[in-house]
Amino acid sequence: MIRKVPEFFGKLLIRDYGQELAEKIINGYSSERNVTLRINTLKTNSDKIKEKLDKEKIEYEEVEWNENALIIKNAKEEDIRKIDIYERGEIYLQSLSSMLPAIILGPKANENILDMTAAPGGKTTQMAALSNNEAMITACEKNKIRADRLKFNIERQGARVNIMRQDARMLDDFFSFDKILLDAPCSGSGTENIFTDKFNEELITRSKDTQEKLLNKAVKVLRAGGELIYSTCSILKEENEDILNKVIKKYDLKIVEIEEMKRNTIFASYSEAEQFV
């Protein structure tokens with residue numbers, strides 16, 4: 001099925017990527033994507049999950065750059081949610097692309113880490129698992145309903161996380177964190193959000209304002225020499241590079257490239273990278 005993107009968005013894609021690549025991106029929205037999941041190592045391990053999937057006759061493919069991620073080949077999300085390993089929090093339905101920020105941040109034991117916009121908790125609980133629950137993670141969420149969902153997911157996955165019901169933009173500058181994950185609210189232009197009535201130029205404008213304010217606050221509460229990961233599910237430069245460049249100049253920050261080994265491993269497989277969009 002070929003889906004038509006909003007006209008204004010098509011123009012933005014051409015502006016950012018040129019005609020040829022923009023057409024490839026637009027065609028990508030019509031591609032069917034496999035379900036992907038993350039194995040929660042706080043409760044289980046990959047061997048046990050694979051054994052359970054085999055028993056349920058669910059086919060899967062391993063991910064070269066993440067031993068705790070699987071691509072499901074013959075089942076939908078609703079099918080996975082019916083399995084007891086999902087109910088027990090032993091797996092978490094999560095796209096491959098959304099697993100990247102936490103992996104790159106590399107949370108370690110005793111590090112003081114802030115997840116600025118944490119709900120529903122996929123990246124938050126992933127960071128807890130990556131540090132074997134030994135990092136000190138604070139998860140911010142201003143919305144009560146989303147905060148309740150965040151709390152539910154944290155508890156179900158057995159993660160140790162301090163939840164702060166607050167707009168991260170309003171955090172006291174007294175705070176100081178070793179590492180910060182800012183998975184910023186965005187237009188969702190890299191997702192099927194573009195086919196809803198809520199996707200419009202006003203949403204992009206509002207998102208940019210929120211992103212810049214959050215990033216400014218992140219810099220203020222990040223200790224000297226600390227690490228900050230900024231990520232969105234938007235593919236528009238005005239929500240990514242443009243925001244970053246503005247704040248980088250303001251605070252004289254330094255961009256550090258992802259380690260060559262990690263970068264090469266993550267993007268080694270083009271077939272897997274296609275699912276990041």
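**Aromatic cluster.** I looked up the ring pairs in this predicted model and found that they link Phe8, Phe9, Tyr29, Phe195 and Phe199 into a cluster. I noted a count of five aromatic pairs.

**Phe9 and Phe199.** I examined this pair next. I then located the two partners in the chain: Phe9 belongs to helix 1, whereas Phe199 sits in the loop between strand 8 (177–183) and helix 9 (201–220). The pair thus links distant parts of the chain, 190 residues apart.

**Phe175 and Phe177.** I recorded this aromatic pair as stacked, with 5.9 Å from centre to centre and 20° between the planes. Phe175 counts as partly exposed because its relative accessibility is 32%, while Phe177, at 3%, counts as buried.

**Helix 1 against helix 2.** I turned to the packing of helix 1 (residues 7–17) on helix 2 (residues 19–28), where the angle is about 130° and the axes are 7 Å apart. That angle makes helix 1 oblique to helix 2. I noted the crossing of helix 1 and helix 2 as right-handed. Leu13, Ile14 and Tyr17 of helix 1 make the contact with Gln19, Leu21, Ala22, Ile25 and Ile26 of helix 2.

Key:
Residues are numbered from 1 along each chain as its sequence is written. This is a predicted model: local features need pLDDT of at least 70, side-chain atom pairs count only at pLDDT 80 or more; totals for chains, interfaces and linings use all residues. Side-chain values use heavy atoms; hydrogens and water are left out. Axes are lines fitted to C-alpha atoms, for helices over the stretch in contact, and angles run from 0 to 180 degrees between N-to-C directions. Helices (H or I, at least four residues) and strands (E, at least two) are DSSP runs, numbered from the N terminus. Angles under 35 degrees count as roughly parallel, over 145 as roughly antiparallel, 65 to 115 as roughly perpendicular and the rest as oblique. A crossing is left-handed if the near helix is turned anticlockwise from the far one by less than a right angle, and right-handed if clockwise. Contact means heavy atoms within 4.5 Å. Rings of Phe, Tyr and Trp (its six-membered ring) pair if their centres lie within 6.5 Å; planes under 30 degrees apart count as stacked, over 60 as edge-to-face and the rest as tilted. Buried means under 20% relative accessible area, exposed over 50%, partly exposed in between (1.4 Å probe, protein chains only).
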